[in-house]
Amino acid sequence: MANREEILRLIEEEDVEFIRLQFVDMFGNLKNIAVTPGQMDRVINNEYFFDGSALFDNLYQYDEELYLHPDLDTFVILPWRPQQGRVGKIICDVYNSEGKPFALCPRTILKKVINKGKEQGYKCLVDAECEFFLFHTDENGIPTIVTHESAGYMDVGPIDLGENARRDMVLNLEEMGFEIESSHHEKAPAQHEIDFRQGECKKAADQLVTFKFAVRSIAKRFGLYATFMPKPRMDVAGSGMHLNFSLFKNGEDVLGYDNPEGRYFIGGILKYAKELCAITNPIVNSYKRLLSGFDAPGRINWSRKGENALVKFRKTFGQTKIELRFPDPSANPYLALAVTFAAGLRGVNECIDPDEYAASLSEEELKLPENLKDAVEAFENSTLLKEVLGEEFVAIYSSVKKKEWNDYMLQVSDWEVNKYLSKM
């Protein structure tokens, strides 16, 4: 556990001139306030406040001031920034003016779910497999979906033109304390994957947020743009954010194939999958990935082998894991882990057998939502998610996402013009 003196000493010894106080908004967008070392006493005393609307990406009016409480254990120095006048970052929790954790803060929501699991004797470890694309920018620095490479799954240089950028990402992440298990080129041209070693839920979410920030920053140094958009190109595979869960009760692995608790955990994910999608697949584009195939899951099922299963049972080096294959990297990591862990625990508490549950559904009921509108409808009617996220959170989130869908539906696409203009 880091303390005030250690942080202040490290800032001085490493010539850190700026510290980014970071948090994510409701939708997973990273926000920050930058301060100089002279302000760190005030920061560590939890005296830094900000306009509460920032927690909602300014899409919802919130008039109260909120406060940043830094988690000192998350302080790191950004290795890709200059060695003189270095830059550090620290992840913060959000509190209200009464000094209490703010109920709508995504990190607070995840911590509540973790604590509820602990009360029942459960500890959850997660490792993520996060995919992304590296595209070129235009002459004005604006991101495009252009790539000059044709590399495929696990190809190497020189055909893999992003190899050097990916290597630097891994090395910088490891310098920041990440344990990277592997990295490789993915199936689509310009698509890459970096996999983390498993860690406790909160740490895994913190790392995913930092990972996306680091990948984007390092890609820019190579003249590239890193995007976590799930389906930026129609003709190739989309990007997923596979979450691998390990579950322990009182220190004992309970996810064995023949262990009822492991099966019930899967049953919970299957039962509540439709309700989870507005969080795990939160944007209009998410459903282009799920509907397009390319090994992306579209049905409520589970398997020990199937690549396009919603949930995959895995055993690696003697350790059992459950892989959730439907989340994508546009999701807010804190919320995605909170709702999936909560759904799994509900499955254990309700003794939901995955085979029996799936067999009770019709072919139509086995389908995941086909668009954001359907996902939000299932989300806002979910008693589980109102319990996990709070009714106020569900109401605000649903309102914003409904507007997002309506804005999308008002657009006239190139496809529509090409399809109908000359015929009507």
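Leaving out neighbours within four places in sequence, Q191 has contacts with E131, F132, F133, E149, H185, E186, A237, G238 and S239. This is a predicted model, so everything I say is computed from it. Q191 sits in strand β9, which covers residues 191-196. Its relative accessible area is 1%, and under 20% counts as buried, so Q191 is buried. One of those contacts is polar: the side chain of Q191 pairs with the side chain of S239 at 3.2 Å.

Next, a loop residue, T144. T144 is found in the loop that joins β7, residues 122-136, to α4, residues 163-175. Is T144 buried, partly exposed or exposed? With a relative accessible area of 22%, T144 is partly exposed. Apart from neighbours within four places in sequence, T144 is in contact with F135, H136, T137 and D138. The backbone nitrogen of V146 lies 3.1 Å from a polar atom of the T144 side chain. For a sense of distance across the chain, take E13: T144 and E13 are separated by 131 residues in sequence and by 41 Å in space, C-alpha to C-alpha.

Now the helix pairs, starting with α3 and α8. Helix α3 is residues 106-119 and helix α8 is residues 333-350; their axes come within 8 Å and cross at roughly 25 degrees. Angles under 35 degrees count as roughly parallel, and α3 and α8 are therefore roughly parallel to each other. The crossing of these two helices, α3 and α8, is left-handed. Which residues make the contact? From α3 they are P106, R107, I109, L110, V113, I114 and G117, and from α8 they are Y334, L335, L337, A338, F341, A342 and L345. Sorted by class, the contact of α3 with α8 has twelve nonpolar residues, one polar and one charged.

D353 lies in the loop between α8 and α9, the latter being residues 354-359. Its relative accessibility is 16%, so D353 counts as buried. If residues up to four places away in sequence are not counted, D353 touches R263 and Y264. With R263 there is a polar contact, side chain to side chain, at 3.1 Å.

Helix α6 runs over residues 260-280 and helix α10 over residues 372-380. Their axes come within 7 Å and cross at roughly 115 degrees. On the α6 side the residues are K274, E275, C277, A278 and I279, and they meet A375, V376, A378 and F379 of α10. By class, the contact of α6 with α10 holds seven nonpolar residues, no polar ones and two charged ones.

Methods. Residues numbered from 1 in each chain as written. Predicted model: local features only at pLDDT ≥ 70, side-chain atom pairs only at ≥ 80, totals over all residues. Heavy atoms only, no water. Axes fitted to C-alpha atoms, helices over the stretch in contact; angles between N-to-C directions. Helix = DSSP H or I, 4+ residues; strand = E, 2+ residues; numbered from the N terminus. Parallel < 35°, antiparallel > 145°, perpendicular 65-115°, else oblique. Left-handed = near helix turned anticlockwise from the far one by under 90°. Contact = heavy atoms within 4.5 Å. Nonpolar A, V, L, I, M, F, W, Y, C, P; charged D, E, K, R; others polar. Buried < 20%, exposed > 50% of the residue type's maximum accessible area, 1.4 Å probe, protein only. Polar contact = N/O pair within 3.5 Å; in protein donor to acceptor, adjacent residues only side chain to side chain.
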